[in-house]
Amino acid sequence: MLQPVETVKLFKKQPEQTYLANQVIFEEGKTGEVLYGILEGEIQLWVNGKVVETLIAGDVFGEGALIQPDRTRASTAIAKTDCLLATMDKSRFLFAVQQTPMFALELLKSYSDRLRRFKHPVQT
C-alpha cells in the first residue's frame, strides 16, 4: 500500500521542489494552491510563533488549501532540514481521492496519526 506522499509523487507533473533548512514553504493566513508530500527532510509547522508539529519523510501537509473554502493556510511551514517535496494541486487531489480510494484512506490515517500525536505528545 502506498503512503500518501507516494501517491502525491505519482500524480504530480511538475518537478519536485527543494527547500533549504529554515526556508519558509508557506505562511499562516496566506492562500495556497497545493498540498505537499515530504520525500526527504523534516518540516516544522508553526502557529503564533511556536512549533506545533514536526513532520518527517512520508508525511503530507498543507491540505487545508485544497479542502477549506477560503484556501488559507492554518500554520506556517518551515523546512527544519534541507527538504525534497512533491506537490499536488486540487484537480489532481480530487482525481486521486476519486480514482484511488486507498489514497483517501491512507491520507485519513496519516492525519489521524498526526492528531493522536498532537493530543498525546511523547514526554521526554
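**Ground rules**

I number residues from 1 along each chain as its sequence is written, and I leave hydrogens and water out, with side-chain values using heavy atoms. As the model is predicted, I ask for pLDDT of at least 70 for local features and count side-chain atom pairs only at pLDDT 80 or more, while totals for chains, interfaces and linings use all residues.

**Entry 1: the chain as a whole**

I started with the secondary structure and found four helices and eight strands. Here helices (H or I, at least four residues) and strands (E, at least two) are DSSP runs, numbered from the N terminus. Reading from the N terminus, I get the order α-β-β-β-β-β-β-α-β-β-α-α.

Next I looked up burial: 39% of the 124 residues count as buried. For the cut-offs, buried means under 20% relative accessible area, exposed means over 50%, and partly exposed lies in between (1.4 Å probe, protein chains only). The accessible surface comes to about 7,600 Å², and carbon and sulfur atoms hold 55% of it. Those areas come from the Shrake-Rupley method with a 1.4 Å probe, and for residues only the protein chains shown count as cover.

I also checked how far contacts (heavy atoms within 4.5 Å) reach along the sequence. Among those between residues at least 6 apart, 75% join residues at least 24 apart.

**Entry 2: the largest pocket**

Rolling a probe the size of a water molecule over the atoms shows where empty space is left. My search ran on a 1 Å grid over the protein atoms alone, where a pocket is an open set of points that a 1.4 Å probe fits, with protein on both sides within 12 Å along at least five of seven lines. Lining residues have an atom within 4 Å of a point. Points are joined across faces, edges and corners, and the volume is the space filled by probe spheres set on them.

The largest pocket has a volume of about 510 Å³. It is lined by 19 residues, and the closest to its centre are Leu45, Glu53, Glu63, Ala74 and Arg114. Which elements each supply at least two residues of this lining? I noted β4 (42-47), β5 (50-56), α2 (64-67) and α4 (101-119). The largest share, four residues, comes from α4.

**Entry 3: Gln44**

I then picked out Gln44, which lies in strand β4. Is Gln44 buried or exposed? Its relative accessible area is 16%, so I wrote it down as buried. Leaving out residues up to four places away in sequence, Gln44 touches Val51, Glu53, Thr54, Thr76, Ala77, Ile78 and Lys80.

**Entry 4: salt bridges**

Side chains of opposite charge can pair when their charged atoms come close. I count a salt bridge when a side-chain nitrogen of Lys or Arg is within 4 Å of a carboxyl oxygen of Asp or Glu. The whole structure gave me five, and I looked into several of them.

Arg71 pairs with Glu33, with 2.4 Å between the closest N and O atoms. This pair links distant parts of the chain, 38 residues apart: Arg71 sits in the loop between α2 and β7 (76-79), Glu33 in the loop between β2 (24-26) and β3 (34-40). Arg71 is partly exposed at 34%, and its phi is near 60 degrees, a positive value in a residue other than glycine.

Asp89 and Arg92 meet at 3.0 Å, N to O. Asp89 is partly exposed at 25%, and Arg92 is partly exposed at 25%.

Lys109 bridges to Asp113 at 2.8 Å. Both lie in helix α4, four residues apart, so about one helical turn separates them. Lys109 is partly exposed at 45%, and Asp113 is partly exposed at 29%.

**Entry 5: two loop residues**

Gly58, in the loop between β5 and β6 (60-61), is buried at 11%. Its C-alpha atom is 6.7 Å from that of Gly37, 21 residues away along the chain.

Asn48 lies in the loop between β4 and β5 and is exposed at 67%. I found its phi near 50 degrees, a positive value in a residue other than glycine.
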